Structure formats: C-alpha cells, structure tokens
Amino acid sequence: MENKSLLVIEGLKKYFPTGRGLFIRAKGYVKAVDGVDIVVNKGETIGLVGESGCGKTTLANCILRLDEPTDGKIILDGHDILAESRNSMKQLRRDIQIIFQDPYSSLNPRKTVSQTIGEAFIIHGLMTRSQRQERIAELMTSVGLLPESVDRYPHEFSGGQRQRICIARALALNPKLVIADEPVSALDVSIQAQILNLLVSLQKKFNLTYIFISHDLSVVRHISDRIAIMYLGRLVEVAPTKEFFNDPCHPYTESLLSAIPVPNPIKRRKRFIIPGDMPSSINPPSGCSFHPRCSFSQQICIQQAPKLEEIETNHFVACHYSKERKVK
C-alpha cells in the first residue's frame, strides 16, 4: 500500500534563549513551538491558523531548517531532515520551497525576473542557459504572466504580479512541498482571489502539497483540505475543513469562528468571547496553555496539558473535555 504521508512532524520544539549576552547564560526561553505533532499527506493543502506570535512562521522555518529545532523529528518523504548534513540539505531543499508574505521585499530589486527565477537552476547546477530560459518562460506562462516580461525588474510589476513571480520561483525546481506564509495578506481582496485560484490550479497541474499559513479563516476555508489551529506554540485542533467549520470542538476554535462576520443583517452568530490576552510564550501557563482564558477550565486543565487526540475520524483536539462537550 502506497504511503500517503509526505511530511511527518513529531514532538517538534523550538525555544529561543532570552537575556543572553557574551558572558551571560540565558535567563529564559521563548517557547515559540512547543511540541507539535502533525502529518501532511501528499497532494493536500493544510491551513495553519492562529494569532500573531503563536508560532506558525517559526514552525515553517523549522521545516525548512532556517531555524534549527530544539527537539523533535521532521520526516519528509522518508528522509529525516534534522539528521541531514549541509550538503544533503541542499538536495532536500529542492523538494521544499516557500512563498513569502510580502511580494515587495521578497524579490531582489536589482535582479530581473529571469535572474530571480533562474538563480535556483544555477545554484543546483541544472540545465544549460537555453534550457533555463525555456523553463523560465514556461513558469511565467503557468502563473499567468507574459514570457516576454522576463527581462523586467520587480518595480515594473504590480503587487499581484510580483507574487506570481514569487510563485514561479517557488515552483522552479518541481518541489514536493510548498509552504505559503500568508501569501495574499498584502494584496487587495480581488487580487487575493486570483492568487488563491492560481494556487489551486497549480496544485492540480503539478500535484503539489501545500502548508498554507494565514490569519484569515475565510481564505483558509477556500483553499484547504484540512485546518490546523495553533495556540501558544501548540496545535489545539486539526480537522477536515467542512467538519472544522460545522462542528468545532475546542473552545478557542469556537471563539475564532464566532468572530467571522455573517454577510446577512438578519442572521446573528452566537459569540464566544475570549477574555484577556494571549499569555507570554516566555512564561506559558501550566497545564493547558489556554486554561486562563477558557470558560470551561477545570482543575485538571491547570495541572495537566491535554494531548492532541483523535475524537472522530481525522478530527484531533487537545482538550480534556472535548468529548464530553461534544456529547452535550
């Protein structure tokens, strides 16, 4: 039987030391990612959602090994990323690419589109000059841009066009996994829809697997097969998109969904308002990290951190009372 999983993450942690100087030991640690377990299947899109500072981008950086994890395992298509040497990682990085949030700062203003996209082929020693130019033209066409514009510079393009160039660059080496770190948040709403539809069509065409990071649940709903909610460095709920929106099980998830505006002045959505602010990741709460803001919190929540458990098929929740509340 074919293995469907492309990326397996087990117990991933990333702690950043604080208050450390040349002769001073670290006074504490920012627990940006604090024990994440997740499996990403081939050909699917998983949406990663959470408040600013919850650890979404740090998780992506750890997968790319731009940040070295403190602990845990990252297995990409059978290869243990964290056990690979620098030379081996160069080969593996062909299989993982990223689309950054800001299309303005993620492109070198001194390089033409042809130089920007073609750089990956030069670094990895692939193709002749003529083959590179042919491949660049194909990529430009794939993302909806004219191949004749390859000799133009980034400032000659609009924001949406720049993001298309970034997508073309990410697809240059035929990656297996593409991490999209809020790729539409800096764009107008109409352009956002175009980029999202482009990502969907490219996924079908090239059999891509996406990790799509966003704050916007409506955007994630449009593109994702599954949705993972992150809070203070941990995953609190992972579920198929339809079930996630129809039957949320974690109190934090319920609150996020209740904040989505209803496009009907007659209908009213029941609000689940979370009191207070997200605690500091330098000194996170004991037990369940959400318990200081949870209206269902009990003594066990303060003492013991809940595990991410499967309560229904492919629906995982980290809450001591998720099953009891679901029955009610």
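1. How many nonpolar, polar and charged residues are in the lining of the largest pocket? By class, this lining has eight nonpolar, three polar and four charged residues, where Ala, Val, Leu, Ile, Met, Phe, Trp, Tyr, Cys and Pro count as nonpolar, Asp, Glu, Lys and Arg as charged, and the others, Gly among them, as polar.

2. The model is a predicted one, in which local features need pLDDT of at least 70 and side-chain atom pairs count only at pLDDT 80 or more, while totals for chains, interfaces and linings use all residues. Residues are numbered from 1 along each chain as its sequence is written, and side-chain values use heavy atoms, with hydrogens and water left out.

3. D34 belongs to strand β2, residues 28-41 (strands are DSSP E runs of at least two residues, and helices H or I runs of at least four, numbered from the N terminus). Because its relative accessibility is 10%, D34 counts as buried (under 20% relative accessible area, with exposed over 50% and partly exposed in between, for a 1.4 Å probe and protein chains only).

4. The side chain of D34 makes polar contacts with the side chain of Y15 at 2.6 Å and with that of R234 at 3.2 Å; a polar contact is a pair of N or O atoms within 3.5 Å, of which, within protein, one must be able to donate a hydrogen and the other to accept it, and residues adjacent in sequence count only if both atoms are side-chain atoms.

5. Residues up to four places away in sequence aside, I167 touches I99, V143, I195, L198, L199 and L202, contact meaning heavy atoms within 4.5 Å.
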